[in-house]
Amino acid sequence: MAAEKMGTTLSTFIIDEQRRLGDQASGLFTGLLNDIAIACKGISNLVNKGDLAGVLGTTGTENTMGDAQKKMDLIANDLFIDALENNGHCAGMASEELDNVLCLPEGKPRGPYLVTFDPLDGSSNMDINMDVGAIFSVLKAPEGVQCPTAEDFSRPGVEQVAAGYCLYGPSSMLVLTTGNGVNGFTLCSSIGEFILTHPNMEIPEDTSEFAINMSNQRFWEQPVKDYIADCIQGEEGPLGKRYNMRWVAAMVGEIHRILIRGGIFMYPIDERNREAGGKLRLLYEGNPMAMIVEAAGGAAYTGYERILEVKPNGDPHQRVPVIMGSKNEVEKAMDYHRNA
Ligand code: AFP
């Protein structure tokens, strides 16, 4: 039998990207992305083992936002920190699972990048064996910063230099953008390498599939109520076509589906979370996913402005309402807000 076709590994792809950037690329960016890939491989290994590795269930603790922490939340968080703090590519981190931004311990080598991450997005799916994932975002650290503050992370999404996610589904897939298109890599666990399987991912401009948690309907703002009501009216309604609905309760799963076949994902502001500014977090969910979606030809708004232009307020856990996906459908949903 012919040997399994190897194809392009993530490491080779990143090095080729580095060559494309010419001498702007010092190799530190390449090293940082490889560190992130190692964290994702470590998480994939444990997530795939599930109860056999003793990683299900909760810890009995809560994160700074009061979310119950799953065992795998903290394990995944530690894997990211360990992969990032030892190789001199990163100056600091912010994580959903850390109260404050993390300055590297004394003596650890520093690098020119800041990394924010949700180490296990959709972790409430862990115990029911459904999609979970990791989301990450990379910013350049301010020159000479040895111990970054929350202010150093408080930068609009347009300043990200890379963003990506790793989806732990039937296969583990890492999807990455460095601003030059979006590429998907599937983990070959027998050799421990991410292999390029989805080059130049593009979101179809149109869709008939929306993703929203319908149980929150009574709390939504009127434009969202009207848009979803019109979707549900189908062919006889003003949108003139039948819509389907999906909700996997993991943003990584929703956005991956949209990258593959189109769709619109919504976690809009509602009466319950208006004070907080929404449910999803800007620095490690909204911004990285908006960079990926836009780089793949989609659109990403809060309902009132482009997510990548939202001005952070210095809180690493700042929340943001999210409407993103197929460009033409997102524009339709935005028209309901513009005409409200
Ligand atoms: P968890 O990580 O706490 O499971 O939350 C996942 C998430 O932040 C996002 O990935 C999902 O799209 C969204 O929350 C699901 O929210 P609901 O549980 O309210 O449907």
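**Contacts around the ligand**

Biologist: What does the side chain of Lys279 do by the ligand's oxygen?

Modeller: A polar side-chain atom of Lys279 lies 3.1 Å from an oxygen atom of the ligand, which falls within the limit for a polar contact (a pair of N or O atoms within 3.5 Å). This is a predicted model, in which local features need pLDDT of at least 70 and side-chain atom pairs pLDDT 80 or more, while totals for chains, interfaces and linings use all residues. Residues are numbered from 1 along each chain as its sequence is written, and side-chain values use heavy atoms, without hydrogens and water.

Biologist: And which distance goes with Gly122?

Modeller: A polar backbone atom of Gly122 is 3.0 Å from a ligand oxygen, and for Ser123 a backbone N or O atom lies 3.3 Å from one.

Biologist: How much of the ligand does the protein bury?

Modeller: The protein buries 84% of the 480 Å² that the ligand exposes when taken alone, by the Shrake-Rupley method with a 1.4 Å probe.

Biologist: How many residues surround it?

Modeller: There are 15 residues around the ligand, counting those with a heavy atom within 4 Å, and the closest are Asp121, Ser124, Asn213, Met251 and Tyr267.

Biologist: Which domains supply that shell?

Modeller: Domain 1 (10-198) and domain 2 (209-338) each give at least three residues, with bounds from an automatic or database assignment.

Biologist: Switching topic, where does UniProt put the "binding site"?

Modeller: The unreviewed entry places it at Glu96, Asp118 and Leu120, an annotation that may be inferred rather than shown by experiment. They span 25 residues in sequence, but no two of their C-alpha atoms are more than 8.9 Å apart, so they gather at one spot.

Key: Polar contact = N/O pair within 3.5 Å; in protein donor to acceptor, adjacent residues only side chain to side chain.
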